[in-house]
Amino acid sequence: SDNNHISLGSFNFYPEQNKLVKHSETINLSKKECEILALLVERPNQIIKRDELTKAVWEDNGVVVGRSLDTYISKLRKKLASDASIQLINVHGVGYKLVTN
């Protein structure tokens, strides 16, 4: 991957621009979606603990709303759904991992 994007299945992920691009389609990400995806992409196929993700993304904002992480993961799943080779796996009680085939 070049300095601007990371290849993720059939997508190109542009963390600095908060977007995913697939062919000619651009999918905009919220800042938080982008931060979560960037953490997962850095460590593919590894479980990242929930508290590590919430700390990294919400740390500066003090209060973490209980299910926020799950909500953002579910939004990311929808945005990545068009590529069946990418999975965001919930490891129950532990965290999440990004699996690409």
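Strand E5 (residues 48-49) and strand E7 (residues 95-100) run antiparallel and are joined by 2 bridges, with Lys49 of E5 having Gly95 as its bridge partner in E7. E7 is also joined to strand E6 (residues 86-91), again antiparallel, by 6 bridges, and here the bridge partner of Val91 is Gly95. In the hairpin of E6 and E7, 3 residues lie between the strands, and Gly93 takes a positive phi near 80°. Two strands are said to pair if DSSP finds at least two bridges between them, while helices (H or I, at least four residues) and strands (E, at least two) are DSSP runs numbered from the N terminus.

The model is predicted, so local features need pLDDT of at least 70 and side-chain atom pairs count only at pLDDT 80 or more, whereas totals for chains, interfaces and linings use all residues. Residues are numbered from 1 along each chain as its sequence is written, and side-chain values use heavy atoms, with hydrogens and water left out.

An open sheet is formed by 4 strands in the order E1-E2-E3-E4, with antiparallel pairing. Its edge strands, each pairing on one side only, are strand E1 (6-8) and strand E4 (25-28). From one strand to the next, the twist averages 25°, where axes are lines fitted to C-alpha atoms (for helices over the stretch in contact) and angles run from 0 to 180 degrees between N-to-C directions. Helix H1 (residues 31-42) packs on this sheet and touches E1, E2, E3 and E4, its direction making about 115° with that of E2; contact means heavy atoms within 4.5 Å. Within the sheet, strand E2 (residues 11-14) and strand E3 (residues 19-22) run antiparallel and are joined by 3 bridges, and Tyr14 has Lys19 as its bridge partner in E3.

Asn28, which lies in strand E4, counts as exposed because its relative accessibility is 55%; buried means under 20% relative accessible area, exposed over 50%, and partly exposed in between (1.4 Å probe, protein chains only). Leaving aside residues up to four places away in sequence, Asn28 touches Asn18, Lys19, Glu33 and Lys79. The C-alpha atoms of Asn28 and Tyr14 are separated by 9.8 Å, the two residues being 14 apart along the chain.

H1 is largely enclosed by the rest of the structure, because 9 of its 12 residues are buried; among them are Glu33, Cys34, Ile36, Leu37 and Leu40. In H3, the buried residues include Leu69, Tyr72, Ile73, Leu76 and Leu80.

Where do the buried residues of helix H2 (residues 50-58) lie? Leu53, Thr54, Val57 and Trp58 are buried, and they cover an arc of only 95° around the axis, which puts them on the same side of H2; the arc is that of the directions from the helix axis to the C-beta atoms. An α-helix has 3.6 residues a turn, so residues three or four places apart point the same way. The buried residues of H2 pack against H1, E5, helix H3 (68-80) and E7, whereas the face turned away from the buried side carries the exposed residues Asp51 and Lys55.
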